[in-house]
Amino acid sequence: MTADTFRGVNPATGERLEPAYPVTSEAELEAIVQAAAAATRVYAQTSGAVRSEFLNAAARNLEALGDEIVARALLETGLPEARLRGELARTANQLRLFARVAHEGSWVEARLDRPDTARTLPKPDLRSMRVPLGPVVVFGASNFPLAFSVAGGDTASALAAGCPVVVKAHPAHPGTSVLAARAILDAARTCGLPEGVFGIVYDDGYAAGLTLTEHPLVQAVAFTGSRAGGLALLQAAQARPVPIPVYAEMSSVNPTVFTPSGLERGGNGLAGALASSISGSGGQLCTQPGLLFVPSGPKGDAFLRDVAAQLDRTPACTLLTRGIHDAYQRGTNGIRSHPGVTAITSAQASDMGAQAQLYSVPAGQFTPTLEAEVFGPVSLAVRYDDMAEATSIICSLEGQLTATLHAAPAELPALGDLLAAMQDRAGRVLFGGFSTGVEVGHAVVHGGPFPATTVGAGTSVGTHAITRFTRLLAFQNFPDEALPPALQAANLLNVLRLVDGEWSREPM
């Protein structure tokens, strides 16, 4: 840890913001983790109704602080007010969604196999369910100061699962983090929960995050950020005497394929929608379409000129931090200097802001170097002569969060190889539309094969995210009254259970 205090910085002006925030000391960090561990058993045994009350109270508190939180986030991130207010609403809704999941209870996936003592080899009474892992460390994300940070989806899902949470606040928005933490801490006190059910750690660097990841009492880590940061945490977690899972969302260029018929089907609005998806929120979204596949020829040329014209008219944006701005400049310079790459837009990043940029390269000159994510408002169009070229490149890509196809429905039977490649490479495949904008619900998948995430089987958005912070536990031949309520024969919680292979809410 590098200082006793640190300040947020206004990315639009470079001004260091008041007040100064104290860096969490090593002793304070240890006390926070110890408190989380002490709260683990008590919190794990709380009912879904109690956790639901807690999460709903946190949502109400967050909304009550809304104007103050948005005002502070405006200073610390440079994001537009409308975007931040939308994110605040999403964050509160996420908390309420997981409150409903916790209260309903079927997420525990209860399974009951009744005994058969008459069988030659007697069949035991077996019952299993998901149970919480224990203390979870959540890292705040730079690009979502609310929805993927202190009170975001990782925190909501871990708390719903019955895990105490320790948040490592992002150093770029400490004031926003303090306010969001207040909403959760006040809710915990109101609901009479143990002190350690939620804690937060502040620093201006990386030391605290590594310390938390390496701490023997921590049982899982959730992270949204750069590949370098995610891999550093993964390495630290795997080097522990007892390794733990790291659910890191790291990088994705979200390939988007247009067929000639798809360009026609999209009509006049398609170019504008793509331009908005490239440049929205300063391009600082993990689902930003950074790699486009556009057919060679006049139709593709006209489409890209239209997209570029709209991007050139888009005002330059302030990126979240100076480090992100500098990385954006390096990344776009690397694209521009690659053999065969041509700039379609006219503007470039400068010290005054980041102007959206669009480049193109023939498919035959595309190399893995061009696959690297550049965080910000930039996309590269790969011009292909036939679909086999595009399919071959997509087959060679790293894992992605999303892949999108713009085509006519009648083309789908002939695009089987392309669709298979997309499904193999991505966690969410779209037909039409654009990958930016992630619906928070029950069916969404916000994850993907490595390096989009470190655990491709999971999702960081949607109700299925709760399973990341659980493990399966089976009970064999236990007296019914000694079992958790979800596994007892009476099913007083009325959860959906798999009983002898059949789904039912009925008593056993």
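1. The residues that line the largest cavity divide by class into 9 nonpolar, 6 polar and 2 charged, where Ala, Val, Leu, Ile, Met, Phe, Trp, Tyr, Cys and Pro count as nonpolar, Asp, Glu, Lys and Arg as charged, and the others, Gly among them, as polar. The model is a predicted one, in which local features need pLDDT of at least 70 and side-chain atom pairs pLDDT 80 or more, while totals for chains, interfaces and linings use all residues. Residues are numbered from 1 along each chain as its sequence is written, and side-chain values use heavy atoms, without hydrogens or water.

2. The largest cavity has a volume of about 140 Å³, and of the 17 residues that line this cavity, Val 253, Gly 290, Glu 373, Val 374 and Val 378 are the closest to its centre. Strand β14 gives the most to the lining of the largest cavity, with 3 residues. A cavity is a set of points on a 1 Å grid over the protein atoms alone where a 1.4 Å probe fits but cannot get out, a pocket is an open set with protein on both sides within 12 Å along at least five of seven lines, and lining residues have an atom within 4 Å of a point. Points are joined across faces, edges and corners, and a volume is the space filled by probe spheres set on them.

3. How many cavities of 30 Å³ or more does a search of the whole structure find? The search finds 3, and the second largest cavity holds about 100 Å³ of space. Its lining comprises 14 residues, with Tyr 247, Ala 248, Thr 453, Ser 460 and Arg 468 nearest the centre. By class, the lining of the second largest cavity consists of 4 nonpolar, 7 polar and 3 charged residues. Strands β8 (220–224) and β9 (246–249) each supply at least two residues of this lining, and β9 gives the most, with 3; helices (H or I, at least four residues) and strands (E, at least two) are DSSP runs numbered from the N terminus.

4. Turning to the pockets, the second largest pocket has a volume of about 770 Å³ and a lining of 31 residues, of which Ala 44, Gln 45, Arg 51, Met 129 and Pro 132 lie nearest its centre. That lining is made up of 16 nonpolar, 10 polar and 5 charged residues. At least two lining residues come from each of α1 (26–44), α2 (48–64), α4 (81–104), β4 (126–132) and β17 (470–476), and β4 gives the most, with 4 residues.

5. Strand β6 (residues 165–168) sends Val 165 and Val 167 one way and Val 166 and Lys 168 the other way, and all are buried, that is, under 20% relative accessible area, with exposed meaning over 50% and partly exposed in between (1.4 Å probe, protein chains only). Strand β5 (residues 136–139) pairs with β6 in the parallel sense over 4 bridges, and Val 138 stands opposite Val 167 in β6. Strand β7 (residues 198–201) also pairs with β6 in the parallel sense over 4 bridges, with Val 165 opposite Phe 198 in β7. Two strands pair if DSSP finds at least two bridges between them.

6. An open sheet of 7 strands runs in the order β12-β13-β14-β11-β10-β15-β16, with mixed pairing. Its edge strands, each pairing on one side only, are β12 (342–343) and β16 (426–431). The pairing of β12 with β13 (residues 357–362) is antiparallel over 2 bridges, and Ala 343 has Tyr 359 in β13 as its bridge partner.

7. From C-alpha to C-alpha, Pro 368 and Leu 193 are 51 Å apart in space and 175 residues apart in sequence.

8. Among the 7 aromatic pairs of the structure, Phe 258 and Phe 303 form a tilted one, 5.1 Å centre to centre with 55° between the planes. Rings of Phe, Tyr and Trp (its six-membered ring) pair if their centres lie within 6.5 Å, and planes under 30 degrees apart count as stacked, over 60 as edge-to-face and the rest as tilted. The pair links distant parts of the chain, 45 residues apart, with Phe 258 in strand β10 (residues 256–258) and Phe 303 in helix α11 (residues 298–312). Phe 258 counts as buried because its relative accessibility is 0%, and Phe 303 is buried with a relative accessible area of 9%. Ring pairs link Phe 258, Phe 303 and Phe 434 into a cluster.
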